[in-house]
Amino acid sequence: MHHAERIIILDFGSQFTQLIARKIREAGVYAEIHPYSISRDALVALSPKGIVLSGGPSSVYAADAPIPSFDVFALGVPVLGICYGLQLIAHTLGGAVDKAARREFGRAFVHVDDATDLFHGISPSTQVWMSHGDHLTAVPPGFDRIAHTENAPICAIRNKERGIWGVQFHPEVHHSTEGVRLLRNFVVDICGCSPTWNAESFIDAAIRDIQTTVGDGSVICALSGGVDSTVAAVLIHKAIGNRVHCIHVDSGLMRKGESAMIIELFRQHFDMTVDLVHGQDLFMSKLAGVTDPEKKRKAIGNAFIELFDVEAAKFSDAGFLAQGTLYPDVIESSSVKGPSATIKTHHNVGGLPDHMKLRLVEPFRELFKDEVRAVGRQLGIPDWFIDRHPFPGPGLAIRIPGEITKEKLDILRDADEIYIDEIRSAGLYNEIWQAFAVLLPVRTVGVMGDERTYEHVCGLRAVTSTDGMTADWYHMPYDVLARISNRIINEVRGINRVVYDISSKPPATIEWE
């Protein structure tokens, strides 16, 4: 996508890199992430208005430390280093970085020494989030110290003449209470960006990009019925009209009554055609005997493309497949954005086969879930649809660890329906970002009607989040849990025990597979 102004974030492997992009976008400026190993020519071609150097787990003085192959500070645009980025500035430009006698992780208070630019409008003493074992012991020539903490005498530095700033803390983290203000000071006041990037401007740019990419051709849209694919379908329809053909595949891995509901609702509320494809037999055959989560995702990705290739052949001008792929899908599937670890392959990213005939159109590939919801509202999609909990493309297949069978799917569908029904009845649905049931690959002994049972365990998961990159488990009221457990055990044959997942992300992921 083409952007008149952009901030480039160079990723050195920090777990918070994605948050930097989100917080800068919240300030109204478009930001995107690239690996620190990007070439000088490629970076210059992006025409950044400013550059942010992310944090990272390495020490700048280590032999294998990640360091750009060219002088980032000679490009003539402002640079802000965060944590490792600050240390890289010092190490590269003549300062000193050493192992700290006392590591600093968690909350701290920064005392501002100079509030004229980066810290403009920020409290003289402000809470920040620290996460470092190294620190600066000498300021590079030409730099000034502009903030400190009790544990870090050099917590922020500046060379105004060269346009270089650095901070030891993480302004992008929620616990840095005025961090968004600091990032806004950098991207708007220092870099000179206009704070005009929002859902409306994104839609305008996306429409132009889709029209340029597709030309006179048509698009097959993979409509799962979730928020992402629905918003993508409406956006693409706005760009190219009836040349987008929506296809919903009933994979046999959907929730109870889901496919029929999606077709009915979509036809009622959106002026687009939707074709229903029955693919249950194909998906079950692909998943027969498969227990490894990664192999499941790849099998599902292959099955989807196999069906979409067949459907696309019905449209002579269809050369593209549209998906609601999000940035967290990309980050968790591949380390293309930097030295971050691959968590799991998403069926719509790393699960796609090499022989796929259709070219991809993924307008939300660089967006987070909350940003897609904002786009959906701007496009006029009803709130009741936008606020639906996420449902993964692989469906219930990744909520049944182990082999997938029709019996297990039917048991899980019934349990999941009761779970969602009860949290809606309790008025909790909109407080929760995502809730779902999992059928565990264990059986336990129970007693029902004075008889011994040996049946499945049902796990319940509910989390709060904004973008899916991090999440906390939802503190479900005990009385609601009791009703859910009682109903599932009494109404769903095959389950005799219910447990509740109290793991946050990280270390756990939201889905179980």
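Begin by selecting Asp113, which counts as partly exposed because its relative accessibility is 36% (buried means under 20% relative accessible area, exposed over 50%, and partly exposed in between, with a 1.4 Å probe and protein chains only). The model on display is predicted, so local features need pLDDT of at least 70 and side-chain atom pairs count only at pLDDT 80 or more, while totals for chains, interfaces and linings use all residues. Residues are numbered from 1 along each chain as its sequence is written, and side-chain values use heavy atoms, with hydrogens and water left out.

**First stop: a pair at Asp113**

Arg145 and Asp113 form a salt bridge, with their closest N and O atoms 3.1 Å apart (a salt bridge is a side-chain nitrogen of Lys or Arg within 4 Å of a carboxyl oxygen of Asp or Glu). The two residues stand 32 residues apart, Arg145 in strand β7 (residues 144–148) and Asp113 in the loop between β5 (96–112) and β6 (125–138). Helices (H or I, at least four residues) and strands (E, at least two) are DSSP runs, numbered from the N terminus. Arg145 is also partly exposed, because its relative accessibility is 39%.

**Second stop: helix α9**

Select residues 293–312, which make up helix α9. The 20 residues of α9 should span 28 Å at 1.5 Å a residue, and the end C-alpha atoms are 28 Å apart, which agrees; the expected span is 1.5 Å times one less than the number of residues. At the N-terminal end, Asp292 caps α9: a side-chain oxygen lies 3.0 Å from the backbone nitrogen of Glu294.

Within α9, select Lys296, and then Glu513. These residues form a salt bridge whose closest N and O atoms are 2.9 Å apart. Glu513 lies in the segment after β18 (495–500), so the pair ties together parts that are 217 residues apart in sequence. Both Lys296 and Glu513 are buried.

Arg461 belongs to strand β16 (residues 451–464), whereas Asp501 is in the segment after β18, 40 residues apart. Arg461 counts as buried because its relative accessibility is 0%, and Asp501 is buried with a relative accessible area of 11%.

How many salt bridges does a search of the whole structure find? The search finds 29. To display a network of them, select Asp421, Glu422, Asp479, Arg483, Arg487 and Glu491.

The lining includes at least two residues from each of α7 (258–269), α12 (383–386) and α13 (406–425), and α13 gives the largest share, six residues. By type, the lining has five nonpolar, three polar and eleven charged residues.

**Last stop: two positive phi values**

Select Ser47, in the loop between α2 (40–45) and β3 (50–53). Ser47 is not a glycine, yet its phi is positive, at about 50 degrees. Ser47 counts as exposed because its relative accessibility is 51%.

Finally, select Cys83, in the loop between β4 (79–82) and α3 (84–92). Its phi is also positive, near 55 degrees. Is Cys83 buried or exposed? Cys83 counts as buried, because its relative accessibility is 3%.

Note on methods: A polar contact is a pair of N or O atoms within 3.5 Å; within protein, one must be able to donate a hydrogen and the other to accept it, and residues adjacent in sequence count only if both atoms are side-chain atoms. Ala, Val, Leu, Ile, Met, Phe, Trp, Tyr, Cys and Pro count as nonpolar, Asp, Glu, Lys and Arg as charged, and the others, Gly among them, as polar.
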